[in-house]
Structure formats: structure tokens, C-alpha cells
Amino acid sequence: MNRKKKIESILKNNFSGWKTEVNDISILHKGHNNYDGNHETHFSIILNRNNKNKESKLEIHRKINKLLKDEFNLGLHALEIKIIN
């Protein structure tokens, strides 16, 4: 399974009822520190919050980073996280 699918699966399992969007934006970083843009290292995540959730945006960011800890250890470099109410 590729990294994008892993991230989508993790978010779906932990943010039930939320609309999630995961985009691989690695190519946008081509040339930065000799990076070729061909690996799944940079992602953009957009979450549409369900109305029942009362967690702050900071708590949600921390939760996502904790859930993706293994992916960071395996080469994930950066996340953009946007939470829409």
C-alpha cells in the first residue's frame, strides 16, 4: 500500500464521520535540498470537522501527528493540515 492510501486509511479509522482529503504535494518540493519530487514525502490533509467534535485545532493537529508517527519514521517529511468547521 502506498503512503497516501495508508494515511487515508488511518484518518478514516480515527476520524469517523469526517470528510477527509489527502493530497500528495511532494512534487512541489522538487529541487529543495536536491529532492527529486518522486517520493511520497509531503502531504496536504484537509478535514471537514463533524459538528459533534469539540477538540481544538491544536488537539487535532497533535492527534494526526501522533497517528502518523510511524510514517514520519519511514520517510514522511511534512504535512499541511487544514481543518474546516
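This is a predicted model: local features need pLDDT of at least 70, side-chain atom pairs count only at pLDDT 80 or more; totals for chains, interfaces and linings use all residues.
The protein chain contains three helices and three strands. Read from the N terminus, the order of elements is α-β-β-α-α-β. The chain has 85 residues, and 29% of them are buried. Its exposed surface comes to about 5,800 Å². Carbon and sulfur atoms supply 47% of that area. Contacts between residues at least 6 apart in sequence were also examined. Of these, 57% join residues at least 24 apart.

The three strands form an open sheet. Their order is β1-β2-β3, and the pairing is mixed. The edge strands are β1, spanning 19-24, and β3, spanning 78-84. Each of these edge strands pairs on one side only. Neighbouring strands are turned against each other by 15 degrees on average, with direction ignored. Strand β2 covers residues 42-48. Seven bridges join β2 to β3, and these two strands run parallel. Within this pairing, F43 stands opposite L79 of β3. In general, strands of a sheet pair through backbone hydrogen bonds, in either a parallel or an antiparallel manner.

Helix α2 comprises residues 57-67. This helix lies across β2 and β3. Its direction makes an angle of about 140 degrees with β3.

The salt bridges come next. The count is two. In one, E71 pairs with R3, and the closest N and O atoms are 2.8 Å apart. E71 belongs to helix α3 (residues 69-73) and R3 to helix α1 (residues 3-14), so this pair ties together parts that are 68 residues apart in sequence. Both R3 and E71 are buried.

In the other, the side chains of K6 and E71 meet, with an N to O distance of 3.8 Å. K6 lies in helix α1 and E71 in helix α3; the pair therefore ties together parts that are 65 residues apart in sequence. What is the exposure of K6? K6 counts as partly exposed because its relative accessibility is 29%, which falls between the 20% limit for buried and the 50% limit for exposed residues. E71 has a relative accessible area of 6% and is therefore buried. Through shared partners, the salt bridges join R3, K6 and E71 into one network.

Notes. Residues are numbered from 1 along each chain as its sequence is written. Side-chain values use heavy atoms; hydrogens and water are left out. Two strands pair if DSSP finds at least two bridges between them. Helices (H or I, at least four residues) and strands (E, at least two) are DSSP runs, numbered from the N terminus. Axes are lines fitted to C-alpha atoms, for helices over the stretch in contact, and angles run from 0 to 180 degrees between N-to-C directions. Contact means heavy atoms within 4.5 Å. Buried means under 20% relative accessible area, exposed over 50%, partly exposed in between (1.4 Å probe, protein chains only). Accessible areas come from the Shrake-Rupley method with a 1.4 Å probe; for residues, only the protein chains shown count as cover. A salt bridge is a side-chain nitrogen of Lys or Arg within 4 Å of a carboxyl oxygen of Asp or Glu.
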